[in-house]
Amino acid sequence: QAMEKMFTDLENEISNCNKCILHSSRKNSITGAGVVGADIMLIGEAPGATEDERGEPFVGRSGQLLMQMLADIGISREKNLYITNTLKCRPPENRNPKADETKACKGYLDRQIELHNPKIIILVGNYACKYFLGNTAAITKIHGTFIEHNGRILFPVFHPAAIMRTPSLKPLAIADFEKLYEYIN
Ligand code: URA
């Protein structure tokens with residue numbers, strides 16, 4: 001109940017947020033979705049056009065591909081997963097997040113991690129990896145590995161948009177998710 005209140009407060013703050021320029025172009029801010037307090041959290045980059053339109057994370061083409069790969073290993077936002085992004089608002093034309101936007105939004109993600117207290121954080125794509133691990137972290141090297149970080153396990157995976165652009169990544173991505181399945185089961 002205390003947790004639900006913290007969660008609702010956070011959601012209200014995010015929907016009223018104007019800490020960076022992205023608030024002026026958004027249709028919806030997107031706090032996240034899924035099971036509050038789930039052991040697994042997934043962190044992507046930023047909402048895209050479909051997400052901005054619908055106010056829900058990972059519902060566009062990329063999101064559907066990623067959610068299907070997770071469903072194949074028994075993970076879903078209905079059952080055992082909380083999903084969010086480093087940025088809560090869509091960057092125009094899906095450009096990369098800027099440093100001041102990331103900084104403005106960081107407090108929200110920090111609070112979400114504290115609130116949900118996940119054991120495992122799936123990092124989706126290069127941007128989320130760099131956010132946690134610094135600029136030298138490269139997804140091509142660290143995808144599918146379990147990285148201890150501040151008492152949690154980080155698990156980097158390819159961004160679904162990269163998989164759609166480069167289909168040869170798909171078997172690698174599936175192998176990564178199979179490793180995650182082994183780890184949690
Ligand atoms: N949808 C999201 O919400 N985030 C991403 O990083 C990709 C698709």
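The model is predicted, with local features requiring pLDDT of at least 70 and side-chain atom pairs counted only at pLDDT 80 or more, whereas totals for chains, interfaces and linings use all residues. Residues are numbered from 1 along each chain as its sequence is written, and side-chain values use heavy atoms, leaving out hydrogens and water.

The space taken by the ligand is the largest pocket, a pocket being an open set of points on a 1 Å grid over the protein atoms alone with protein on both sides within 12 Å along at least five of seven lines; a molecule sits in one if more than half of its atoms lie within 2 Å of its grid points. G44, E45, A46, P47, E51, P57, F58, N85 and H159 surround the ligand (a heavy atom within 4 Å). This shell comprises four nonpolar, three polar and two charged residues, with Gly counted as polar.

Polar contacts are pairs of N or O atoms within 3.5 Å. A ligand nitrogen lies 2.8 Å from a side-chain N or O atom of N85, and a nitrogen of the ligand is 3.1 Å from a polar backbone atom of A46. An oxygen atom of the ligand is 3.2 Å from a polar side-chain atom of H159. The protein buries 95% of the 240 Å² that the ligand exposes when taken alone (Shrake-Rupley method, 1.4 Å probe).

Eight salt bridges are present (a side-chain nitrogen of Lys or Arg within 4 Å of a carboxyl oxygen of Asp or Glu). One of them joins E53 and K27, with the closest N and O atoms 2.8 Å apart.

Definitions and conventions: Polar contact = N/O pair within 3.5 Å; in protein donor to acceptor, adjacent residues only side chain to side chain. 1 Å grid on protein atoms, 1.4 Å probe; cavity = no way out; pocket = protein on both sides within 12 Å on 5 of 7 lines; lining within 4 Å.
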